[in-house]
Amino acid sequence: MAKTKADLENFSYHGDNLDDIFEDYEVMVNECPVGRSKRYGGFAFLAKNDDIFEAEQDYETFSVTPTMLLPDLEMGMPMIPIDLDPPEHTGYRKVLLPLFTPMNIAKLEPGMIETARQLADEVVEAAAANNGVVDVSTLFARPLPTIIFSRLCGYPEEDWPKFDKWVDDVLYERTEHPEIARAASAEILRYFEGIISARKAEGGERNDLMDKIINARVDGRELTLDEMLSYSYLLFIAGLDTTAWGLRSSLWYLAQNPKAQQQLRENPDQIPAAVEEFLRTMSPVQAMARTCMRDTVVQGQEIKAGERVVLVFGAGNRDPEIFEDPHEIKIDREDNRHLSFGGGPHRCLGSNLARKEMVIGIEEFLKRVPAFENAGGEVWHGVGPLTVRLIEE
């Protein structure tokens, strides 16, 4: 049965609700650009691309406080810098901004390519040992960004195997089992407290993100331990999950579309445009929350001060006023002004890194792994298994 405006009263962008969320988006952008859901204590939502973009610039009306996440992770402190508004946000963002420029990200390319090649070869070997069937999420989409980002941050390699479970517990258990998310968050914070303490005791300098945080100065002072932990926690969660999702969903689409798969094999120069389209239509971040700070009106609908407001990026990315055939994935789409990295002062700090990881990941995967097709029937979203069958030529 087709969805209606009434279904949006229980709109959620977590868990199984993502299975058919594109149907919700179609109703939103065409019939209900501003509405309300009863979930998570109740919230208003904005669905039109331009409204979301404007709200992201207007932090005096749509503040990120107390947190962008809904439901809250219950950390007891804001996540630095995303849960802070300017001007406080600006100083924290400057700490790591120079390290995420295209020039600095380009220096990581050789390591990315080598890692992607190794993982793609392992995919082929695993498939050969299992009648051509292999889980490309576990063997490729998840480990590639974990390895790249962990090196960039300076996380000890022996710790990497435990990262996936922590991320899963925090991001994918928090709506139904918040106690599991809280326990994982506590473990992550203890882990970073240990790293910070050890580095301070060792002294010296390292050229990685953890060192930048430990030695950062904001407004002329050193960061407190809580500030270092908050910043480290955010980088860990954001850096390890979102790119893995982006890679997995890209491979999910290609597994079901042999024509598109072949097109990118024959025209690898089209992969950057394809990545933008995968990000537009299957973004790892479907929505983020704000708090309305003063009574305002959007699309003729009043939103009261104090209301939680969700900016539904996934719906804005399918707005027919912005995108022709918005629900169709066109891997050569031009002028793709999607919202998947957000906008305004809170635009994703790691967008250049994520794009580079996805482009190189898909390039090397298609170079080294033969044609593949869906074999497991998994859903499009998340970072869980993705079972494919390699096709013998």
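**Figure 1. The end of helix H7 and the residue after it.** Gly154 follows H7 and has a positive phi, near 90 degrees. In this predicted model, helix H7 covers residues 143–153 and is mostly covered, with 10 of its 11 residues buried. The buried positions are Pro143, Leu144, Pro145, Thr146, Ile147, Ile148, Phe149, Ser150, Leu152 and Cys153.

**Figure 2. The whole protein chain, for orientation.** The chain has 15 helices and 12 strands. Its radius of gyration is 21 Å, close to the 21 Å that the globule rule gives for 393 residues, so the chain is as compact as a globular protein of that length. The C-alpha trace spans about 60 × 60 × 40 Å along its principal axes. Buried residues make up 54% of the 393. Among contacts with a separation of 6 or more, 70% are between residues 24 or more positions apart.

Figure 3. Buried in H13 are Ile271, Ala274, Val275, Glu276, Glu277, Phe278, Leu279, Arg280 and Thr281. The packing partners of the buried residues are helix H1 (21–31), helix H11 (225–256), helix H12 (258–266) and H15.

**Figure 4. Arg333 in the loop between H14 and H15.** Arg333 belongs to the loop that runs between helix H14 (313–316) and helix H15 (351–368). With a relative accessible area of 11%, Arg333 falls under the 20% limit and is therefore buried. A polar atom of its side chain lies 2.9 Å from the backbone oxygen of Glu324. For the backbone oxygen of Asp325, the distance to a polar atom of the Arg333 side chain is 3.2 Å. Apart from neighbours within four places in sequence, Arg333 is in contact with Ala273, Glu277, Arg280, Phe323, Glu324, Asp325 and Glu328.

Figure 5. Most residues other than glycine have a negative phi. Asp325, which is not a glycine, has a positive phi of about 45 degrees. Asp325 sits in the loop between H14 and H15 and is partly exposed, at a relative accessible area of 38%. Its backbone oxygen is the one 3.2 Å from a polar atom of the Arg333 side chain. Asp335 likewise is not a glycine and has a positive phi, of about 50 degrees. Asp335 is placed in the loop between H14 and H15. Its relative accessibility is 72%, over the 50% limit, so Asp335 counts as exposed.

**Figure 6. Arg206 in the loop between H9 and H10.** Arg206 is found between helix H9 (178–202) and helix H10 (209–214). At 38% relative accessibility, Arg206 is partly exposed. Leaving out neighbours within four places in sequence, Arg206 is in contact with Arg199 and Asp211. The C-alpha atoms of Arg206 and Leu223 are 18 Å apart, for a sequence separation of 17 residues.

**Figure 7. Thr291 in strand S7.** Thr291 is part of strand S7, residues 288–292. Its relative accessible area is 10%, so Thr291 is buried. Not counting residues up to four places away in sequence, Thr291 touches Thr61, Phe62, Ser63, Thr65, Pro66, Gly306, Glu307 and Arg308.

Figure 8. Most peptide bonds are trans. The bond from Leu70 to Pro71 is cis, with omega near 0 degrees. Pro71 is in the loop between strand S3 (62–63) and helix H3 (88–96). Pro86 and Pro87 are also joined by a cis peptide bond, here with omega about 5 degrees. Pro87 lies in the loop between S3 and H3.

Definitions and conventions. Residues numbered from 1 in each chain as written. Predicted model: local features only at pLDDT ≥ 70, side-chain atom pairs only at ≥ 80, totals over all residues. Heavy atoms only, no water. Helix = DSSP H or I, 4+ residues; strand = E, 2+ residues; numbered from the N terminus. Rg over C-alpha atoms; globule rule 2.2 N^0.38 Å. Buried < 20%, exposed > 50% of the residue type's maximum accessible area, 1.4 Å probe, protein only. Contact = heavy atoms within 4.5 Å. Polar contact = N/O pair within 3.5 Å; in protein donor to acceptor, adjacent residues only side chain to side chain.
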